[in-house]
Amino acid sequence: MYGNLIILYAHVFPSINISIKLSSSPSSSWKIETMVRGKVQMKRIENATSRQVTFSKRRHGLLKKACELSVLCDAEVALIIFSQKGELYEFSSSNIKKTIQKYHDHAKANESCNIENESHNQQLKNDTITIQNKIDQVEVSQRKLLGQSLGSCSVDELMKLDSKVEHSLTIIRERKTQLFKDQLEKLKEKERLLLEENARLYQRNISLCEKTYTFTRRQNIQNSEVETELFIGPRLPQNSQE
């Protein structure tokens, strides 16, 4: 029973070391002691014997994992290990020299790509600095044109600013004059169209009045003739008159 129990613990908890102590006394019972393996501290092992044992175990496990990786995943794997005494241990799924040469070629290609990227990034930084300097100069010039930050300007700089302002004012006035002329031309064209429309409406009104007058006159004439006939009436016979 205890043997099955120990096997079960060893299978379920492989990281737990189980030791069994048997007492010679009949009255004593089985004692099961468990000891949990702690985490390995990542530092140099001071004891030479323990360090050599750990190196042998870890080296064997690493070579085994490299072999499994190459077989299971069909990967090209090369592993080189030098011990503290300079002993060489290696594993390669193919020709190790070809693998190392492939690594050097790949590293050179990456290095060349990194150099190009660094050059491009440096060029972008230089362009950014240049653009920022131009923006600063434009902002300073704009403030000076607005009459700000003039305390550090010399007489020559003030004369140049005055010339720039006068030139800008000339351009602005010319543009304003041109806009006024364009608006005036548009208003004149609108006035001409309104006058033509007014003339057409006037002629149309006159024609309509003439037609109305003619129609009214005809109606009056017809009404006058009807009233005359009704007033005179038909001629009676002579006997009836007597």
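Contact here means that heavy atoms lie within 4.5 Å of each other. This is a predicted model, in which local features need pLDDT of at least 70 and side-chain atom pairs count only at pLDDT 80 or more, while totals for chains, interfaces and linings use all residues. Residues are numbered from 1 along each chain as its sequence is written, and side-chain values use heavy atoms, with hydrogens and water left out.

**View 1. Ser83 sits in the loop between β3 and β4.** Not counting residues up to four places away in sequence, Ser83 touches Phe55 and Tyr89. Ser83 is buried, with a relative accessible area of 13%; buried means under 20% relative accessible area, exposed over 50% and partly exposed in between, using a 1.4 Å probe and protein chains only.

View 2. Strand β3 covers residues 78–82 and strand β4 covers residues 88–92. They pair in the antiparallel sense over 5 bridges; two strands pair if DSSP finds at least two bridges between them. Across the pair, Leu79 has Phe91 as its bridge partner, and Ile81 stands opposite Tyr89.

**View 3. Strand β3 shows two faces.** In a regular strand the side chains alternate between the two faces of the sheet.

**View 4. The largest nonpolar core has 5 residues.** They are Ala66, Val77, Leu79, Ile81 and Phe91. A nonpolar core is a set of buried Ala, Val, Leu, Ile, Met, Phe, Trp, Tyr and Cys residues joined through side-chain atoms within 4.5 Å.

**View 5. The largest pocket holds about 210 Å³ of space.** A pocket is an open set of points on a 1 Å grid over the protein atoms alone, where a 1.4 Å probe fits, with protein on both sides within 12 Å along at least five of seven lines; lining residues have an atom within 4 Å of a point. Grid points are joined across faces, edges and corners, and the volume is the space filled by probe spheres set on the points. The lining includes Phe55, Ser83, Glu87 and Tyr89. Helix α2 (residues 48–73) gives the largest share, 4 residues.

**View 6. Asp74 lies in the loop between α2 and β3.** Although Asp74 is not a glycine, its phi is positive, at about 50°. Asp74 is exposed, with a relative accessible area of 72%.

**View 7. Stepping back, the protein has 5 helices and 4 strands.** Helices (H or I, at least four residues) and strands (E, at least two) are DSSP runs, numbered from the N terminus. Buried residues make up 5% of the 242 residues.
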